[in-house]
Amino acid sequence: YWQAMTLLDTIVSSKRYAPKMKELFAEMSRAGKTYLAPLLGPVLRTTWDQLESDWREHCRNTYGAK
């Protein structure tokens, strides 16, 4: 669960992703699932690699993770 929570924290805290939260949740609601992969490009305008990089940086900066 810690990975999901820190990923959500990354998205909510990010200047890049936070403005897309409303659309992200609307699309998840419409689809009836929280599967993020099909929403990366169309909604978050990112890739898995970029999101993972942003997540790792957020964790390092927020939680002091190495």
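Helices here are DSSP runs of H or I with at least four residues, numbered from the N terminus. All views show a predicted model.

**View 1. Lining of the largest pocket.** The largest pocket has a volume of about 210 Å³. Its lining consists of Ala4, Leu7, Leu8, Ile11, Leu24, Phe25, Met28, Thr34, Leu36 and Trp48. Helix α1 provides the largest share of this lining, with four residues. Both α1 and α2 (21-31) contribute at least two residues each. By residue class, the lining splits into nine nonpolar residues, one polar residue and no charged ones.

**View 2. The aromatic pair Trp2 and Trp55.** One aromatic pair is present in the structure. Trp2 and Trp55 form this pair in a stacked arrangement, with 6.4 Å from centre to centre and 25 degrees between the planes. The pair connects distant parts of the chain, since Trp2 belongs to helix α1 (residues 2-13) and Trp55 to helix α4 (residues 48-63), 53 residues apart. The two partners fall into separate accessibility classes: Trp2 counts as exposed because its relative accessibility is 56%, over the 50% limit. Trp55 counts as buried because its relative accessible area is 15%, under the 20% limit.

**View 3. Surroundings of Thr10.** Thr10 is a residue of helix α1. Its relative accessible area is 3%, so Thr10 is classed as buried. Leaving aside residues up to four places away in sequence, Thr10 touches Asp54, Trp55 and His58.

View 4. Which residues of α2 are buried? They are Met21, Leu24 and Met28. These residues span an arc of only 65 degrees around the axis, so they sit on the same side of α2. In an α-helix there are 3.6 residues a turn, so residues three or four places apart point the same way. The buried residues of α2 pack against α1 and α3 (40-44). On the face turned away from the buried side of α2 are the exposed residues Lys22, Ser29 and Arg30. Leu24 and Met28 are also among the residues that line the largest pocket.

Conventions
Residues are numbered from 1 along each chain as its sequence is written. This is a predicted model: local features need pLDDT of at least 70, side-chain atom pairs count only at pLDDT 80 or more; totals for chains, interfaces and linings use all residues. Side-chain values use heavy atoms; hydrogens and water are left out. Rings of Phe, Tyr and Trp (its six-membered ring) pair if their centres lie within 6.5 Å; planes under 30 degrees apart count as stacked, over 60 as edge-to-face and the rest as tilted. Buried means under 20% relative accessible area, exposed over 50%, partly exposed in between (1.4 Å probe, protein chains only). On a 1 Å grid over the protein atoms alone, a cavity is a set of points where a 1.4 Å probe fits but cannot get out, and a pocket is an open set with protein on both sides within 12 Å along at least five of seven lines; lining residues have an atom within 4 Å of a point. Grid points are joined across faces, edges and corners, and a volume is the space filled by probe spheres set on the points. Ala, Val, Leu, Ile, Met, Phe, Trp, Tyr, Cys and Pro count as nonpolar, Asp, Glu, Lys and Arg as charged, and the others, Gly among them, as polar. Contact means heavy atoms within 4.5 Å. The arc is that of the directions from the helix axis to the C-beta atoms.
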